[in-house]
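Hello,

Here is the structure for you to look at. My notes on the sheet follow below it.

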Amino acid sequence: MSDRHQVLVTMDSLRWDVFAAALMPFLKAFPYAQALTHGSYTLPAHAAFFAGRLPCTFAGSFDTCARSNRTPEGMPQWRLNNPETPGPGRYQLVGRNIVEGFKRKGYETIGTGGVSWFDPGKPAYVQAIDDFERYRWFGGFTHGAEQVDWIIEKVAASDRPCFVFINFGETHHPFRTSESDPRTEYAHGFRRCFEAQRRCAEHLDRLLERLFSAGSMKHADAVVCADHGDCFGEDGLWGHTFAHAKVLEVPIVKVST
Ligand SMILES: [Zn+2]
């Protein structure tokens with residue numbers, strides 16, 4: 001077991017082009033790339049992530065693997081030890097998902113979800129959340145600051161390296177943060193949606209700086225990405241849950257502290 005925390009953060013629905021346009025000085029100080037996700041909505045995308053398959057990159061200096069699990073150079077590669085796994089990865093994890101895999105290696109597993117696919121009270125949800133030793137769903141799209149504080153507190157209370165997961169809902173429609181009240185609806189059009197999601201992404205950048213500046217979060221390897229994007233009227237389409245380029249293009253960032 002490494003003594004470094006392993007962290008996966010998903011900024012729900014954040015489009016690649018919104019991320020590229022956003023002022024995000026914390027995240028953009030680290031290597032980042034455009035990638036393609038494996039699912040057009042939260043459930044299948046996270047099913048892939050928790051099976052060790054992060055969004056793929058295809059070009060340039062990030063492209064270090066000719067096989068299907070392409071990730072930015074040096075990025076932690078959480079891979080289950082199953083027949084689907086091209087190896088070797090940095091972490092060979094055994095279990096039904098990476099949460100169980102890290103737990104078996106001795107990590108404390110701590111997770112928090114934002115959007116409703118992470119609500120364990122729903123009949124269908126991202127099942128990997130059942131495997132976290134500590135898990136909390138905050139019940140809405142605007143609780144990122146509380147999620148960060150909760151994670152910092154739980155990691156500080158642990159005497160072990162942790163596997164940490166956060167799904168942030170702010171960048172999901174209706175693009176609100178705890179600092180901004182108005183909802184933005186798709187009916188408001190491309191420009192309003194783009195700018196509202198950009199403000200939410202910039203809000204998350206400040207939260208992530210707070211997270212990774214915490215004393216308890218020193219010595220962490222993190223992947224920060226979107227689970228999928230969103231259509232803002234392209235080809236007459238709005239939202240996600242369908243395979244459109246604007247839904248599949250996502251940012252992926254490698255953060256080390
Ligand atoms: Zn999502």
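One cut-off first: a residue counts as buried if 20 or more other C-beta atoms lie within 10 Å of its own. Note also that this is a predicted model.

By that cut-off, five of the six residues of β8 are buried, so the strand is largely enclosed by the rest of the structure.

Now the sheet around β8. It is open and has seven strands, in the order β2-β11-β8-β1-β7-β5-β6. The pairing is mixed. At the edges are β2 (32–36) and β6 (134–137), each pairing on one side only. From one strand to the next, the twist averages 15°.

What does β8 pair with on each side?

- β1: this strand (residues 5–11) runs parallel to β8 (residues 220–225), with six bridges between them. Val 7 is opposite Ala 222 of β8.
- β11: here the sense is antiparallel, and five bridges make the link to β8. Val 224 has Val 253 in β11 as its bridge partner.

In general, strands of a sheet pair through backbone hydrogen bonds, either parallel or antiparallel.

Two helices to check against the sheet:

- α5 (residues 190–213) packs on the sheet and touches β1, β7, β8 and β11 (249–256). Its direction makes about 170° with that of β1.
- α4 (residues 144–157) also packs on the sheet. The strands touched by α4 are β1, β5 (108–113), β6 and β7 (162–168). The angle between the directions of α4 and β7 is about 175°.

Best wishes

Methods: Residues are numbered from 1 along each chain as its sequence is written. This is a predicted model: local features need pLDDT of at least 70, side-chain atom pairs count only at pLDDT 80 or more; totals for chains, interfaces and linings use all residues. Two strands pair if DSSP finds at least two bridges between them. Helices (H or I, at least four residues) and strands (E, at least two) are DSSP runs, numbered from the N terminus. Axes are lines fitted to C-alpha atoms, for helices over the stretch in contact, and angles run from 0 to 180 degrees between N-to-C directions. Two residues are in contact if their C-beta atoms, placed from the backbone, lie within 7 Å. A residue is buried if 20 or more other C-beta atoms lie within 10 Å of its own, exposed if 12 or fewer, and partly exposed in between; C-beta atoms are placed from the backbone.
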